[in-house]
Amino acid sequence: MLVAWSKYGIQAALIMGLFFITINTIAESYIFPRLTGKGLQMSVYVVFASLFVWGWILGPVGFFLGVPLTLIIIKYLENFDETRWLALLMASSEEDAEVNINKQKKEK
């Protein structure tokens, strides 16, 4: 923005600022949770909610630790029969949930 301001004036700096805010909002609100959810086999909604909750609890550090902490909780929930259904709800899709259920049935 400073380069645009110094070279082209205040209007260009404001346009660059709006462009920057728009791109970051789209990337952080839609693209990042979707890619993270697919890669980690978590629901997009769970990724978004974990960023919000851990960010609220831990502040800015929570945004960096939100997804890893949620993965730890999911793995912990998968280990017990009483809480496995919660871990399956956090799966990225119904197919992933069915695969996990079938795998767990075969292990028993």
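1. The model under review is predicted.

2. Overall make-up. The protein has 6 helices and 0 strands. Along the sequence the pattern reads α-α-α-α-α-α. The chain has 108 residues, and 24% of them count as buried. Take the contacts with a separation of 6 or more: residues 24 or more positions apart account for 33% of them.

3. Helix 3 against helix 4. Two packed helices are described by the angle between their axes and the distance between the axes. Here the pair is helix 3, residues 44-58, and helix 4, residues 60-78. Their axes come within 7 Å. The crossing angle is roughly 125 degrees. The two helices are therefore oblique to each other. The crossing of helix 3 past helix 4 is right-handed.

4. Who makes that contact. From helix 3 come Val 46, Val 47, Ser 50, Leu 51, Trp 54, Gly 55 and Leu 58. Helix 4 contributes Pro 60, Val 61, Gly 62, Phe 63, Leu 65, Gly 66, Val 67, Leu 69, Thr 70 and Ile 73. By class, the residues of this contact are 12 nonpolar, 5 polar and no charged.

5. Ser 50, a polar member of the contact. Ser 50 lies in helix 3. Is Ser 50 buried or exposed? Its relative accessibility is 5%, so Ser 50 counts as buried. Setting aside neighbours within four places in sequence, Ser 50 touches Gly 55, Gly 66, Val 67 and Thr 70.

6. The core. In soluble globular proteins, nonpolar side chains tend to be buried together. The largest nonpolar core in this model has 8 residues. Its members are Met 42, Val 46, Val 47, Leu 51, Val 67, Ile 74, Leu 77 and Ala 87. Helix 3 and helix 4 each supply at least two residues of this core. Val 46, Val 47, Leu 51 and Val 67 of the core are also listed in the contact of helix 3 with helix 4.

7. Phe 52. This residue also sits in helix 3. Relative accessibility is 58%, so Phe 52 counts as exposed. The C-alpha atoms of Phe 52 and Phe 63 are separated by 7.6 Å, with the two residues 11 apart along the chain.

8. Ser 43. Where does Ser 43 sit? Ser 43 is in the loop between helix 2 (10-40) and helix 3. At 10% relative accessibility, Ser 43 counts as buried. Its C-alpha atom is 8.6 Å from that of Pro 33, which is 10 residues away along the chain.

Notes: Residues numbered from 1 in each chain as written. Predicted model: local features only at pLDDT ≥ 70, side-chain atom pairs only at ≥ 80, totals over all residues. Heavy atoms only, no water. Axes fitted to C-alpha atoms, helices over the stretch in contact; angles between N-to-C directions. Helix = DSSP H or I, 4+ residues; strand = E, 2+ residues; numbered from the N terminus. Parallel < 35°, antiparallel > 145°, perpendicular 65-115°, else oblique. Left-handed = near helix turned anticlockwise from the far one by under 90°. Contact = heavy atoms within 4.5 Å. Core = buried A, V, L, I, M, F, W, Y, C linked by side-chain atoms within 4.5 Å. Buried < 20%, exposed > 50% of the residue type's maximum accessible area, 1.4 Å probe, protein only.
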